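User: I would like to go through the pockets and surface of this protein. Could you show it to me, please?

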Amino acid sequence: MSQATVFWMHLVLGYVAWLLFFGAYALPRLKAMDWVESQRAIATLHSFRFFGLVFILPGVIGPNLPASFAEFAAYGDFATGILAILALLTVRIRPLFSLLVVAFNVVGAADIIIDYYHGNQVGLAPIAGQLGATYAIPIIYVPLLMITHIFAFYLLVRPQQAARILPGNAAAS
């Protein structure tokens with residue numbers, strides 16, 4: 001079996017496993033929480049994305065991992081992690097918290113989508129072994145990140161919740 005086939009199988013199965021977990025365990029709990037607590041839980045998960053900088057550490061990744069892919073992935077994750085941490089630090093300032101929730105979700109989802117596109121453009125799947133110790137990140141961690149971004153966007157656009165978080169709304173204070 002080729003590296004590319006194994007990589008794509010792992011990636012798809014990563015999504016399947018996390019969707020099963022999310023649907024059975026995380027989704028019911030997140031839906032039972034109020035908006036702030038749900039977004040806070042999601043931000044906590046994404047706050048660990050600072051770890052994406054590992055993509056630029058020599059010795060952790062293979063020497064033939066395209067630098068253009070590794071650098072964009074590393075800094076996109078880092079930016080998302082910092083925005084998520086800032087959101088967590090501002091949870092008591094609801095308008096700022098809401099803005100940072102939107103920011104880390106937009107930056108984070110865009111990072112993942114662009115990384116998928118860029119990985120495809122540079123032929124990452126056939127050289128997936130060059131991910132080295134970071135191989136687990138796109139297979140195990142990224143599917144959960146994307147799933148939680150999608151759920152965070154769902155929470156952001158739900159009419160009953162959106163009215164509460166708009167700046168200037170009395171409930172947002």
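Analyst: Please note that this is a predicted model. To begin with the second largest pocket, helix H1 provides the largest share of its lining, namely four residues.

User: Which helices each supply at least two residues of that lining?

Analyst: They are H1, helix H2 (35–46) and H5.

User: And which residues line the second largest pocket?

Analyst: The lining consists of Phe21, Phe22, Ala26, Leu30, Met33, Ala41, Ile42, Leu45, Leu144 and Thr148. By class, nine of these are nonpolar, one is polar and none is charged.

User: What is the volume of the second largest pocket?

Analyst: The volume of the second largest pocket is about 170 Å³.

User: Now the largest pocket. What is its volume, and which residues are closest to its centre?

Analyst: The largest pocket has a volume of about 250 Å³. It is lined by 18 residues, and those closest to the centre are Phe69, Asp115, Tyr116, Leu124 and Pro138.

User: Which helix gives the most to that lining?

Analyst: Helix H4 gives the most to the lining of the largest pocket, with five residues. At least two residues each come from helix H1 (3–32), H3, helix H4 (94–121) and H5.

User: How many residues of each class are in the lining of the largest pocket?

Analyst: The lining of the largest pocket has 13 nonpolar residues, three polar ones and two charged ones.

User: Which residues line the largest cavity?

Analyst: Its lining is made up of Phe48, Arg49, Phe51, Gly52, Asp77, Ile137, Tyr141 and Leu145. Helix H5 (residues 136–157) gives the most, with three residues. In terms of class, five lining residues are nonpolar, one is polar and two are charged.

User: Turning to the outside, which residues form a nonpolar patch on the surface?

Analyst: The patch is formed by Phe48, Phe50, Phe51, Ile56, Tyr75, Phe78, Ile82, Ile85, Leu86 and Leu89. Together they have about 930 Å² of accessible area. Phe48 and Phe51 belong to this patch and also line the largest cavity.

User: Where is Leu86, and why does it count as partly exposed?

Analyst: Leu86 lies in helix H3 (residues 67–89). Leu86 counts as partly exposed because its relative accessibility is 38%, and that class runs between the cut-offs of 20% and 50%.

Methods: Residues are numbered from 1 along each chain as its sequence is written. This is a predicted model: local features need pLDDT of at least 70, side-chain atom pairs count only at pLDDT 80 or more; totals for chains, interfaces and linings use all residues. Side-chain values use heavy atoms; hydrogens and water are left out. On a 1 Å grid over the protein atoms alone, a cavity is a set of points where a 1.4 Å probe fits but cannot get out, and a pocket is an open set with protein on both sides within 12 Å along at least five of seven lines; lining residues have an atom within 4 Å of a point. Ala, Val, Leu, Ile, Met, Phe, Trp, Tyr, Cys and Pro count as nonpolar, Asp, Glu, Lys and Arg as charged, and the others, Gly among them, as polar. Patches are made of residues with over 30% relative accessible area and no salt bridge: like charges are joined within 9 Å, nonpolar side chains (Val, Leu, Ile, Met, Phe, Trp, Tyr) within 5 Å. Accessible areas come from the Shrake-Rupley method with a 1.4 Å probe; for residues, only the protein chains shown count as cover. A salt bridge is a side-chain nitrogen of Lys or Arg within 4 Å of a carboxyl oxygen of Asp or Glu. Buried means under 20% relative accessible area, exposed over 50%, partly exposed in between (1.4 Å probe, protein chains only). Grid points are joined across faces, edges and corners, and a volume is the space filled by probe spheres set on the points.
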